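This report describes a protein model, beginning with the whole chain and then turning to selected residues. The sequence and structure are shown first.

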Amino acid sequence: MESTSGPPWIRCSRSIWARWSADCCGVPRSPVQAALDAFLKRLAQRASPATVDAYRRDIGGLIGYLETQDVYAWRELDVTLLRRYLAHERTRGMAPRTLARRRAALSRFADELVRRGELDHNPVQLTQAPRQPRHLPSPVDVDLLGRFLDTPHDGDPLEVRDQAMLELFYSCGLRLAELAALDLASLDERHVRVVGKGGKPRQVPLGQRAGQAIQTWLGFRSALAGEGETALFVAQHGGRLGHRSIQVRLADTARKRGLPEHLHPHRLRHSFASHLLESSQDLRAVQELLGHANLSTTQIYTRLDWQQLAEVYDQAHPRARRRPASSSDESSDNR
């Protein structure tokens, strides 16, 4: 007999696990789970596996909570329940950014339930999104990053591969998923063809240092890659290198080379955008290179410290430069 002891989140986990186990044994899933399965199946036709898994987790969390409230039909979902659920997640320590993402996933799913006729309207739209703290990107100092990238390595094939990934992240401003998905056919001598968010393709110039690092890696790749493997970056087992492996390798390289800051793929993307914008002041070009759909997303990189702003103002504005006071000015002041 199943135990009902323990806090609600434990009972929730047991309930979800029991339902999944029953499904694996051939027992039909509940209508609640069936609606989620149908939604995820439709989503998988145009979204990445990582996106589908994220929606599965976010909506699955609501299903588990509803079961603790003895709610087993989507038609019973209302604004009051949703607000209680979101408040429950917040008290468990969920960050505002994560909570906002979860709310967005639930809203999209609720639209699907309306389309299926299981809800009359989308109750998620009547809830308020949590206030988001404004986190400015934190790029690595340009000189520090240059010294880090120029640090020699021992020539091991995996070190050569990691150097190529580092140069490509910084040279092209790629997202982690974009770099991991690169194939040999994605490259030519001067460009990288990338498929970004929403399946949107773009072409990014390939810097000279990144091109050299990739060519060096290609000389080792064939000894590691499995037969028929198309991925540009492969692991020791011969298959495509995974997201988590890339993150770990970059962090390990930073520690071994003595970089005094934590390094992750998105930090290199931030550095690419910030350093390029500081030099060019061309926000529209940086937007295209990053693959941002909206210019407002790129504008977070326009921050400059007050000292730099003051220097630019002093050098450029005709009324900014102070003139030495003349004797007539002084006598006038003394009157």
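Predicted model: local features only at pLDDT ≥ 70, side-chain atom pairs only at ≥ 80, totals over all residues.

Residues are numbered from 1 along each chain as its sequence is written, and side-chain values use heavy atoms, with hydrogens and water left out.

**Overall make-up**

The protein contains 15 helices and two strands; these are DSSP runs numbered from the N terminus, helices being H or I of at least four residues and strands E of at least two. Of its 335 residues, 39% are buried, that is, under 20% relative accessible area, against over 50% for exposed and in between for partly exposed (1.4 Å probe, protein chains only). The exposed surface comes to about 20,100 Å², with 51% supplied by carbon and sulfur atoms; the areas follow the Shrake-Rupley method with a 1.4 Å probe, and for residues only the protein chains shown count as cover. Taking contacts (heavy atoms within 4.5 Å) between residues at least 6 apart in sequence, 57% join residues at least 24 apart.

**Annotated positions**

An unreviewed UniProt entry gives the annotation "active site" to R175, K197, H266, R269, H292 and Y301. Such positions are given in the numbering used here, with feature names shortened, and annotations may be inferred rather than shown by experiment.

R175 sits in the loop between α7 (157–172) and α8 (176–180). Residues up to four places away in sequence aside, R175 touches F169, G196, K197, R202, R269, L290, G291 and H292. H292 belongs to the loop between α12 (283–290) and α13 (295–298).

**A further buried site**

N122 lies in the loop between α5 (96–116) and α6 (142–150). Leaving out residues up to four places away in sequence, N122 is in contact with S107, A110, D111 and V114. A polar atom of the N122 side chain is 3.1 Å from the backbone oxygen of S107.

Why do R175, H292 and N122 count as buried? The relative accessibility of R175 is 12%, that of H292 is 11% and that of N122 is 7%.

The table gives side-chain polar contacts (N or O pairs within 3.5 Å; within protein, one atom must be able to donate a hydrogen and the other to accept it, and residues adjacent in sequence count only if both atoms are side-chain atoms).

| Side chain | Partner side chain | Polar contact |
|---|---|---|
| H292 | R269 | 3.5 Å |
| N122 | D111 | 2.9 Å |
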